[in-house]
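This briefing looks at a cavity and at the helices around it. Keep the structure open while reading.

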Amino acid sequence: MEPAPPSQPPPRHRGRGIYLLPNLFTTGGLFAGFYAIIAATQGIYDNACIAIFVAAVLDGLDGRVARLTNTQSEFGVQYDSLADLISFGLAPALVMYHWALASMALDGTTLRKVGWAAAFLYAACAALRLARFNSQVGQVDKRWFIGLASPAAAGLMASFVWTFFDRGYVGGELRYAALAVTVAAALMMVSPIRYFSFKGGGPRSDRMPFLMGVVMLVVAVALAIDP
């Protein structure tokens, strides 16, 4: 009777731990959103808008780094959502409020309330958008977003402020346009409209097309020449 082969040790599985590298990117995005809020309260609106765009870049990198290094975790998913709420929910709302919506008080008490209510509407819709996205992971086609993604909505808000602030406009002069942009961005996030996500569903989904790399390079050069 032959002896039984020695039992093999069970394979070791990665624990659901806190993985340092991708969460450093998430923390960087959170810091950028926090800085945008501080800069807006001090009237440094161009730096606040730049910080929001920096947060968007870091938000695009953390998940990709986690997938490439095989360090995904439930902690990272939840942490990313909380950071996004600050960077793409509260930060754009407060930047827009301090720059323009606070000036709605010039038109009376009722419109003053409309100004801060619009800022709150944007922040609340960003939270709802993130909650819906988290609850639909694995249930919807990855090629499409249902509702405008919160980084894109934040980019719309920051672009509006940065463009006109850089050209010498005072936010109070554009308070009604700012109100319209804020409400529109908020409603687009919770709308059922589908937006192309630029994500694939197969194994090549983390690869960047060559043409996209060229386009990003051209955009970077253009921004360096005339931000």
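Which helix gives the most to the lining of the largest cavity? H3 does, with five residues. The model is a predicted one. The points below cover the cavity, the helix packing and the record.

**Cavity**

- The structure has one cavity of 30 Å³ or more.
- The largest cavity holds about 50 Å³ of space.
- The lining residues are Phe-25, Thr-26, Gly-29, Ala-55, Leu-58, Asp-59, Asp-62, Asp-80, Ala-83, Asp-84, Ser-87 and Phe-88.
- By class, the lining of the largest cavity splits into five nonpolar, three polar and four charged residues.
- Among the lining residues are Asp-59, Asp-62, Asp-80 and Asp-84, and Asp counts as charged.

**Packing of H1 and H2**

- The axes of H1 and H2 come within 8 Å.
- They cross at roughly 165°.
- H1 is therefore roughly antiparallel to H2, as angles over 145 degrees count as roughly antiparallel.
- The H1 and H2 crossing is left-handed.

**Packing of H2 and H3**

- H2 packs against H3 at an angle of about 160°.
- The axes of H2 and H3 are 11 Å apart.
- This angle makes H2 roughly antiparallel to H3.
- H2 passes H3 in a left-handed crossing.

**Packing of H3 and H4**

- Helix H4 covers residues 109-135.
- H3 and H4 pack at about 160°, and their axes are 9 Å apart.
- H3 is therefore roughly antiparallel to H4.
- What is the handedness of the crossing where H3 passes H4? That crossing is right-handed.

**Transmembrane regions in the record**

- An unreviewed UniProt entry places the feature "transmembrane region" at residues 18-38, 44-61, 82-102, 114-132, 144-165, 177-196 and 208-225.
- How much of the chain over residues 44-61 is helix? The model has 94% helix and 0% strand there.
- The end C-alpha atoms of the 44-61 stretch lie 26 Å apart.
- Over residues 114-132 the chain is 100% helix and 0% strand.
- The end C-alpha atoms of the 114-132 stretch are also 26 Å apart.

How values were computed. Residues are numbered from 1 along each chain as its sequence is written. This is a predicted model: local features need pLDDT of at least 70, side-chain atom pairs count only at pLDDT 80 or more; totals for chains, interfaces and linings use all residues. Side-chain values use heavy atoms; hydrogens and water are left out. UniProt positions are given in the numbering used here, feature names are shortened, and annotations may be inferred rather than shown by experiment. Helices (H or I, at least four residues) and strands (E, at least two) are DSSP runs, numbered from the N terminus. On a 1 Å grid over the protein atoms alone, a cavity is a set of points where a 1.4 Å probe fits but cannot get out, and a pocket is an open set with protein on both sides within 12 Å along at least five of seven lines; lining residues have an atom within 4 Å of a point. Grid points are joined across faces, edges and corners, and a volume is the space filled by probe spheres set on the points. Axes are lines fitted to C-alpha atoms, for helices over the stretch in contact, and angles run from 0 to 180 degrees between N-to-C directions. Angles under 35 degrees count as roughly parallel, over 145 as roughly antiparallel, 65 to 115 as roughly perpendicular and the rest as oblique. A crossing is left-handed if the near helix is turned anticlockwise from the far one by less than a right angle, and right-handed if clockwise.
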